[in-house]
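Subject: A structure for you

Hi there,

Here is the structure I promised to pass on.

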Amino acid sequence: LCIASADAAPGSEYLLIASFRDPVPDYSFRISFLNHSMFLIQAPTGEAAVTDYTGYVGNVEFVPDVATMNNAHSTHWTASPDPAIPHVLEGWATADGPREHHVELDGMLVRNVHTDVRGQVGGPARGNGNSIFVFEVEGLCVGHLGHLHHFPDENQLAAIGRLDVVMAPVDGGMTLDLPSMIALLKRFKSSVVIPMHWFSEGSLGTFVAGMQDEFDIDDSFADSLEVSLATLPDRPTVVLLAPSFLRE
């Protein structure tokens, strides 16, 4: 089944057995699904970023160069990030206004685009309470939608730009409803869509059913994949990854 699923998306390279310690091949980057909405993105030059960092990435000694966070829920941030992390990027606005992040490393650029988040039941919405973080690596753009609660407006879509790979929350309730999320992803026309923030195979299956008319489905459930400009799939593909904390 895994081989057949991978063959359905020609051009992509999937890591079925790999260590995050392994060097990333030239001109590629590696994405590992750690938990919930937390991913490790590694560049071939050695830089690493963790999205929606909660303070725990696994029972290993590892400090990323960049940690992005959104504070909609405790599963997306920590109040006590490791002080050794050089760049901790909080995705919510403060009383002083929005945060505009633009971190340029040797092999990776990280920037953000603010979106709003709903308030608690009966409470007001919080303007600029979420950030979509965009990682530019090896000529490709990787987008992490964070705790997205609404369809981005035209200005936000223009600021986001092209996304070759996108990690999208597909719970359909706590974040953007599934019909709107599916419509957004079809508008992005990303080569690779990685579902995240799903709580059951049922909700994940509903999302997949809504995408399969325009996207191939890779259901091999590896925990990581390598992507390069040369190996993007010929047809847009939803890649189902299985979360796994880092381990030696």
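Which side chain does R30 meet in a salt bridge? The partner is E226, with N and O 3.2 Å apart. By salt bridge I mean a side-chain nitrogen of Lys or Arg within 4 Å of a carboxyl oxygen of Asp or Glu. R30 belongs to strand β2 (residues 28–35) and E226 to strand β14 (residues 224–228), so the pair ties together parts 196 residues apart in sequence. Both residues are buried (buried is under 20% relative accessible area, exposed over 50%, partly exposed in between, with a 1.4 Å probe and protein chains only).

A word on the source: this is a predicted model, where local features need pLDDT of at least 70 and side-chain atom pairs count only at pLDDT 80 or more, while totals for chains, interfaces and linings use all residues. Residues are numbered from 1 along each chain as its sequence is written, and side-chain values use heavy atoms, leaving out hydrogens and water.

The count comes to nine salt bridges. Another of them joins R111 and E136 (3.1 Å, N to O), linking strand β8 (residues 109–117) with strand β9 (residues 126–137). R111 is buried at 16% relative accessibility, whereas E136 is partly exposed at 31%. D164 and R162 also pair, their closest N and O atoms being 3.0 Å apart; D164 is buried at 9% and R162 partly exposed at 47%.

As for the whole chain, it has four helices and 15 strands (DSSP runs numbered from the N terminus: helices are H or I, at least four residues; strands are E, at least two). Of its 248 residues, 55% are buried.

Best wishes
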